[in-house]
Structures are given as structure tokens and as C-alpha cells.
Amino acid sequence: MDFNIQATNWDNEKRIKRAKIIADQIARVVKLEQYYSALEFGSGTGLVSFNLYDNLKDITCIDTSQGMIDTLNLKIQQHQVKNMRAHQLDINDDCLLIPTYDLIYTSMALHHIVDIERTLTNLYRLLKKYGYICIIELDEDDGSFHESEKDFIGHNGFNQNELKKVLEKIGFQRIESYSFYSDKKMIGEVSVDYSLFIMSGKK
Ligand SMILES: C[S@@+](CC[C@H](N)C(=O)[O-])C[C@H]1O[C@@H](n2cnc3c(N)ncnc32)[C@H](O)[C@@H]1O
């Protein structure tokens, strides 16, 4: 999928509604504090973060897609949001990020990354001591979800127990997860069922 091409039409009714549900789940598993600095990686157009900025001190959004970041920056300007910043950046090219985050969250971006252990180790480093991680991801599927994307080389969702083991190995503690959302996605003429889970942990 070319996210630069998708960027201008990314915000549709379904994704806006889903992002609100995701943000509510983040607020359910992490007690959000007004002094928290947060990082969202793979933010896309910031649909999730737009539901959270009122409850946090500041949010840095990063995404590899310049198109997504341009759309997000336009929204930040239009809505005059003062405590959100957006940068085109790969989470694995983290030299520009300062490790001071109380909370890092990501929604449906991790499965696009091949070496997730490297990325999650990086997120651990970027968190303050006792900081929270929150991962929203696809439950494992048989490949149907990305069937139409011939260049897709990521993960067909994740097995929650396997992902938990990776987080534990890195050093995260108090890891919990559960599925909270299910829907259908149209792939051409075919309707594909999928579900999302949230996994939280503490440094
Ligand atoms: C499926 S979209 C999800 C967008 C948004 N989180 C949402 O829920 O609407 C995945 C996003 O992750 C971004 N992404 C993929 N790999 C990335 C990486 N290594 N670093 C930062 N962003 C990445 C893509 O550019 C894309 O915008």
C-alpha cells in the first residue's frame, strides 16, 4: 500500500469511528495524565492522537509517509492544536527523538515492520522509567487482510502470546492484552473478517 497516495483520503467515517474506539481503549488501560509527553509512531493522519491531545501535555507523531505527515500538519493547523507535532521519520531512524516519553502508542503500524524486536527495543529506550507502551494491532490472520497488496512484506497480524514474549524479553513488565474490536474489510469483492487487540506494558 502506498500511504502517500492514501493520505488525502485516509480519514473516512469508518476509520474516524475506529480511531475513537482505539483512543478510548488506550485511556482505559493507561491512566492518562496532563503532564505526560507521548509519542505515536505510524500515526498516519493522527486519527487516534486527535482523540487524546486534550488529556496529555504534548504528542509527537511520526510516520515514514510524507503524505500522511503533510495531511496531519494541515489538520493540526486547521484545528489550532498547540500541543501536537508531526514529523516524517522512520521509527528505526530514531536519532532525532529524545528518550523522554511517558507514553508511546501505535495503531496498526507495527505489522508493517519486519524486525519488530529492533523497533520494540527502540521504543523501550525512548520511554522514561515506568513509562507505558500501548500497541494496537491485528490479531493474526491467514494473510487475507493484505492479500491485495503484492508488495506487503510485514506480519499477518500477531499472536498475542508470541508478541508478549518479545516484550518480556526486551524488559517490559505488567504486560496485558485483549481483543476489543472486530469488523470486516472489503478486499475487492471479498469480505474479510479481522479483529484488533490492545497490548500494554510498563518499562
Ligand atoms: C495502517 S496505517 C495506520 C495509520 C494510523 N495509525 C491509523 O490507525 O489510522 C500504518 C502507518 O504506519 C506507517 N509506518 C509504517 N512503517 C513505519 C515506520 N518504520 N516508522 C514510522 N511509521 C511507519 C505508515 O506510513 C502508515 O501511515
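Residues are numbered from 1 along each chain as its sequence is written. Because the model is predicted, local features require pLDDT of at least 70 and side-chain atom pairs count only at pLDDT 80 or more, whereas totals for chains, interfaces and linings use all residues.

The ligand is surrounded by 22 residues (C-beta atom, placed from the backbone, within 6 Å of the molecule), the closest being Gly42, Gly44, Ser65, Ile91 and Ala109. Helix 2 (13–29) and strand 2 (58–63) each contribute at least two residues to this shell; helices (H or I, at least four residues) and strands (E, at least two) are DSSP runs numbered from the N terminus.

Ala19, Ile22, Ala23, Gln25 and Ile26 of helix 2 are buried (20 or more other C-beta atoms within 10 Å of the residue's own; exposed, 12 or fewer; partly exposed, in between; C-beta atoms placed from the backbone). These residues cover an arc of only 160 degrees around the axis, which puts them on the same side of helix 2; the arc is that of the directions from the helix axis to the C-beta atoms. On the other side, Glu13, Lys14, Lys17, Asp24 and Arg28 are exposed.

Ser37 lies in strand 1 (residues 37–41) and counts as partly exposed, with 18 C-beta neighbours inside 10 Å. The C-alpha atoms of Ser37 and Tyr101, 64 residues apart along the chain, are separated by 5.2 Å.
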